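Open the model in your viewer and keep the sequence panel beside it. This tour goes from one selection to the next and says what is found at each stop.

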Amino acid sequence: MTTSPPPKPPAPTAPLKLPTAFRRAAPPPARADRAGSAPLPAGQSNTSAHGVNGTVRLNKRMAELGMASRREADEWIGKGWVKVNGKVAEMGMQVLPNVRIEIDKIAQGQQANQVTILINKPLGLVSGQAEDRHEPAITLVQPQNRWAEDNARFFFHGSQLKSLVPAGRLDIDSTGLLVLTQDGRIARQLIGEDSVMEKEYLVRVIYTGVLNAAAATSAAATHAARPLPRAAQPGQVTQLTRIDDDDPVSLDVQSVFPADKLRQLRHGLSLDGQALKPAKVEWQNPEQLRFVLTEGKKRQIRRMCELVGLKVVGLKRVRVGNVMLGNLPVGQWRYLAPHEKF
């Protein structure tokens with residue numbers, strides 16, 4: 001009896017090639033400080049943020065010293081532009097806090113060309129990526145919108161829009177000072193995990209007397225802002241929310257607002273289960289409060305106000321650190337001058 005040979009397995013087909021935009025990035029290399037991972041490069045013993053005997057990863061130390069952002073530091077280390085105690089640094093190396101860190105002039109020159117831009121953001125624009133058909137504030141950064149009184153000696157070039165990101169957010173229904181930067185040092189200074197940068201706001205309020213407890217756990221529980229009419233142009237100032245006839249007090253709010261509630265605004269409120277840091281809150285005029293915060297939770301000021309019976313009808317940021325909004329017109333921008341420091 002004869003038997004037929006077993007069927008041949010099908011020939012392998014070529015793998016489907018996806019467009020570049022859809023290809024998965026190569027997996028990151030295994031961490032060198034975990035058991036069973038790939039061996040460390042010569043001269044390295046640990047790549048975690050903190051090591052033994054008080055050492056710290058080099059990129060983190062450079063960020064702490066304000067020399068560069070961590071990402072920027074890694075880029076420079078990879079290019080051989082960083083020396084530690086006179087020797088070219090290696091990626092991920094641990095250093096003691098007292099080491100001497102030197103940066104190549106090429107890196108210094110690259111950093112000097114980074115720009116920081118200040119915008120007086122109008123209503124209706126978002127701070128970061130476009131969302132819900134609303135344009136991002138960066139669309140304002142064009143030559144025709146540059147403030148005529150900007151004295152900074154920079155020439156606008158389209159390349160300055162690359163890697164220009166907001167260092168902190170400003171809600172769509174808020175106006176005022178928004179900082180966009182290419183400089184990771186400034187971003188860390190303003191929004192880093194250990195940042196205590198002051199941000200000052202002028203807040204127009206009415207007194208409802210109704211405590212909106214839901215605002216403590218949901219940013220969406222605040223009174224919604226009236227959307228901009230279709231005819232409104234970016235930069236056109238419109239009333240943020242309608243002041244209804246049944247709103248108890250819209251004039252001389254200061255005279256009726258309880259003193260104990262003002263103390264709560266300064267310290268004693270919690271959002272999302274976390275106690276807020278002390279804030280400076282005082283009356284600027286009978287219908288407007290001045291807030292100075294050192295943190296930035298989502299819709300924080302609106303939620304704080306609603307917890308004590310106030311409703312925000314206008315909010316403008318006028319200062320970040322030592323940098324003031326000043327006379328910068330709504331919808332226009334200027335460069336951060338070399339002598340200005342946050």
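Begin with the second largest pocket, which holds about 580 Å³ of space. Of the 20 residues in its lining, select Glu 72, Gln 114, Ser 163, Gln 182 and Gly 184, the closest to its centre. Then colour the elements that give two or more residues to this lining: α2 (70-78), β7 (165-166) and α4 (184-191). Keep in mind throughout that this is a predicted model.

## The whole chain

Zoom out and show the chain as a cartoon. Its secondary structure comes to 7 helices and 16 strands. The chain has 342 residues, and 44% of them count as buried. Among contacts between residues at least 6 apart in sequence, 67% join residues at least 24 apart.

Select residues 82-84, 87-88 and 101-103, which are β2, β3 and β5. These 3 strands form an open sheet in the order β3-β2-β5, with antiparallel pairing. β3 and β5 stand at the edges with a single partner strand each, so one side of each has no neighbour in the sheet. Between β2 and β5 there are 3 bridges. To see a bridge pair here, pick Lys 83 and its partner in β5, Glu 102.

## Ala 137 in its loop

Next select Ala 137, in the loop between β6 (116-121) and β7. Is this residue buried or exposed? Ala 137 has 0% relative accessibility, so it counts as buried. Show the residues that Ala 137 touches beyond four places in sequence: Ile 119, Lys 121, Leu 125, Val 126, Ser 127 and Leu 178. For Leu 125, draw a C-alpha to C-alpha distance to Ala 137: the two are 5.6 Å apart in space and 12 residues apart in sequence.

Select residues 310-320, strand β14. Of its 11 residues, 10 are buried, so the strand is largely enclosed by the rest of the structure.

- β8 (residues 175-181) runs parallel to β14 and is joined to it by 2 bridges. Thr 175 is found opposite Lys 316 of β14.
- β9 (residues 199-207) pairs with β14 in the antiparallel sense over 9 bridges. Here Ile 206 is opposite Lys 311 of β14.
- β15 (residues 323-324) is also antiparallel to β14, over 2 bridges. Arg 319 has Met 324 of β15 as its bridge partner.

## Arg 290

Move to Arg 290, which is in strand β13 (residues 288-293). Arg 290 has a relative accessible area of 18%, and because the limit for buried is under 20%, it counts as buried. Show its side chain together with that of Glu 200: the two make a polar contact at 2.9 Å. Beyond four places in sequence, the residues that Arg 290 touches include Glu 200, Tyr 201, Leu 202, Lys 280 and Arg 319.

## The nonpolar cores

In soluble globular proteins, nonpolar side chains tend to be buried together. Which members of the largest nonpolar core touch the most other members? Out of 42 residues, they are Val 205, Leu 265, Leu 289, Phe 291 and Leu 310. Centre the view on Leu 265 and show its contacts beyond four places in sequence, among them Phe 257, Ala 279, Val 281, Met 304, Cys 305 and Val 308. A second, separate core has 18 residues, including Leu 58, Met 62, Trp 81 and Val 84.

## Last stop: a cavity

Stay at Leu 265, which also lines the second largest cavity.

Definitions and conventions
Residues numbered from 1 in each chain as written. Predicted model: local features only at pLDDT ≥ 70, side-chain atom pairs only at ≥ 80, totals over all residues. Heavy atoms only, no water. Helix = DSSP H or I, 4+ residues; strand = E, 2+ residues; numbered from the N terminus. Buried < 20%, exposed > 50% of the residue type's maximum accessible area, 1.4 Å probe, protein only. Polar contact = N/O pair within 3.5 Å; in protein donor to acceptor, adjacent residues only side chain to side chain. Contact = heavy atoms within 4.5 Å. Core = buried A, V, L, I, M, F, W, Y, C linked by side-chain atoms within 4.5 Å. Pairing = 2+ DSSP bridges. 1 Å grid on protein atoms, 1.4 Å probe; cavity = no way out; pocket = protein on both sides within 12 Å on 5 of 7 lines; lining within 4 Å. Points joined across faces, edges and corners; volume = space filled by probe spheres on them.
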